[in-house]
Amino acid sequence: MDRFRMIFQYFQSNSESVMNGICGLLALASVKIYTSFDFNCPCLPKYNTAYGMGIMFVPPIALFLCGLIVNRQSVVMLEEWKRPTGGRKKDLAIIRYMCSSIIQRAMVAPIVWIIVSLLDGKCFICAFSGSIDPEKFAGFANLTQMQTQLLLSKVPCKEDELMRNNTSRKAVSRYLRCWSQALGWSILLLLIVVAFLARWLRPCFNQAAFVQTRYWSNYIDMEQKIFEETCCEHARDFANKCILHFFESMRTEIKLRRFNMPRGEEEGEGEADHLRGITDQEQVNKLLKTWYSGKPPLDVSQTIPRQPSGKEGACTSVPWGDTVNNRWAAAQKANVSRQTDV
Amino acid sequence: MDKFRMIFQFLQSNQESFMNGICGIMALASAQMYAAFDFNCPCLPHYNLAYGLGILFVPPLVLFLLGFVMNNNVSMLAEEWKRPTGMRQKDPAVLRYMFCSMAQRAMIAPAVWISVTLLDGKCILCAFSTSVPVEKLGNLSYTGLSEKEMKRILARIPCKEIYDGQQLIPSEVAVRYLRCISQALGWCFVLLMTMLAFLVRSLRPCFTQAAFLKSKYWSHYIDIERKLFDETCTEHAKSFAKVCIQQFFEAMNKDMGMGHPHLPEKTPSEAGEEKEKLLGITDQGTMNKLLKSWHKCKPPLCLHQELFQNRNGWAGESQPLGPVSLPKREIIAYYSRV
């Protein structure tokens, strides 16, 4: 149980590994769906190719879209892409990094499906049994065009009465299966080589920028999660205070001694801390709108007083990567402004 | 058991992921129900279509409604929709958000049923066996069969044991044909659903993101407020009951005129504490009034009176005091956390 709890905590803490876990689950689900799917080749001349190719390519598209939907980071990336600039500049490198990592993870399940179906061979046999050269196989050589087509399209169906005792059917079937498996293994080999090269050669190109973009993309993800959690906490305290106040206002309508006002004040102070000064509907709406339209700059070294009217455009937009220089510049500015304010 | 408890805790920590968990369970239940269901095609000309399409569409409807019933946010939505406005205005955007998120989750189990049914193929085979194109797949000129007779024979295709039209059209050919079409429809349906889900999820940040954040926050707030109110009322009822019983015993003691009255079980400080928990609501009439008022006239979403606690015992006015002094103090309180 302890191990299980540790695994849960580990997965929850690092969102990248959560995404990897989901990606793995989707790949396993893809294999399971393929094995439980009852493949049913129509064995009719024009339908075979459509069915075979359809089963090979339509489920991968659906799995790819599933992979994008299930990945929380895709929404985070879209929000980052579409947000107004506000106090924080946008860095396209981060968006590109997030996009590529999302697409890489989403591609795993479709590729697993395609490779499994090629290695299995049924789709390939169904789709291409009508396209082979009948001269190569004894049983199909001396027939009219139409008859050949008809017979060849029945090759995938072992139980069909025409094909039941046909030895050439097995030959065609083996031939197509061999091609299908060769194709499957080649694709697998190619993909693994590409993945290996990409991972191995990446540190040779621009490693510093890569480390930066990876940090900031993790940061955006964390920030989004923590904002949601903070909103939940805030809503909880807000509701708490609202209800207590409601009870108290009922009380003051009937004349009773005030016995818990001192206690209420202390509690009020403690809870007001949690509420962080946001205590009515208009303020909450304004906070949420400002969070969207003007994210704060990435600088927590000192509290730079904002313009009270919230002029987002006038804020100094601090770009993502350049914090060190800007912190120094902002510190200078803050010192000056603090002096003038006080 | 410990594992289950941990899974429950993990799911419950985030309310949305709890709802997602229920969604997943219903989807699995839907697939399991289909597998356990004993499909039984009637193999009669007009009944086939009705049975097949009925099995294809009626259970999804039931599952959709069940999805709404099992979602306990439905009563929250209905309450919020029907309450009198009182001091708190209603926001239709919040109601729309709540309804949309519930409908989306309720749609998953029916979609799973329809996909599994189409991919399996039995329903379409049963429903459309009389519409098989015999001229393409079989021997139409087999005998001079009337249309009715042919339909009767074709209707028996799903029932292999009683099929007698092997010369007209072999049953395997017809079954393969119909199953292929059914599976193609099934995969197209799956693709369509995932594409819709993808579009809905990805287009939202491009439009109305600020309004979305607002609706999400307030719908969570309404849910939490309702739960906290129920908890507060329960605690209050408990304290009320305790004090009531205590007073009853004391009254009994006095009535019986004992020489020295029995000391109450609780020490005076504890009795005082219980009374404090009552928050000043100490009789039935006031409690009824409070509950009625909670429904008829919810308090405004404004806590300014908390921070500027005045001891005059004002009864919940909605205007904050001293609007000019407010903003500065709020900014200090807010940014000191940063």
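Student: Is A:Glu228 buried, partly exposed or exposed?

Tutor: This is a predicted model, in which local features need pLDDT of at least 70 and side-chain atom pairs count only at pLDDT 80 or more, while totals for chains, interfaces and linings use all residues. Residues are numbered from 1 along each chain as its sequence is written, chains are lettered from A and ligands numbered from 1 in the order in which they are written, and side-chain values use heavy atoms, with hydrogens and water left out. Buried means under 20% relative accessible area, exposed over 50%, and partly exposed in between (1.4 Å probe, protein chains only). A:Glu228 has 31% relative accessibility, so A:Glu228 counts as partly exposed.

Student: Which residue forms a salt bridge with A:Glu228?

Tutor: Side chains of opposite charge can pair when their charged atoms come close. A salt bridge is a side-chain nitrogen of Lys or Arg within 4 Å of a carboxyl oxygen of Asp or Glu. Here the closest N and O atoms are 3.4 Å apart, and the partner of A:Glu228 is B:Lys216.

Student: Which helices does that pair join?

Tutor: Helices are DSSP runs (H or I, at least four residues), numbered from the N terminus. The pair crosses between chains: B:Lys216 is in helix 11 (residues 209–256) of chain B, and A:Glu228 is in helix 10 (residues 207–253) of chain A.

Student: Is B:Lys216 buried or exposed?

Tutor: The relative accessible area of B:Lys216 is 14%. Therefore B:Lys216 is buried.

Student: How many residues apart are B:Lys227 and B:Asp223 in helix 11 of chain B?

Tutor: Their side chains meet in a salt bridge, at 3.2 Å from N to O. B:Lys227 is partly exposed at 46% relative accessibility, whereas B:Asp223 is buried at 5%. The two are separated by about one helical turn, because their spacing in helix 11 of chain B is four residues.

Student: What is the N to O distance between A:Asp120 and A:Lys122?

Tutor: A:Asp120 is partly exposed at 23% relative accessibility, and A:Lys122 is partly exposed at 40%. Their side chains meet in a salt bridge, with an N to O distance of 3.5 Å.

Student: How many salt bridges are there over all chains?

Tutor: The pairs above include B:Lys216 with A:Glu228 and B:Lys227 with B:Asp223. By the same rule, the count over all chains comes to 12.
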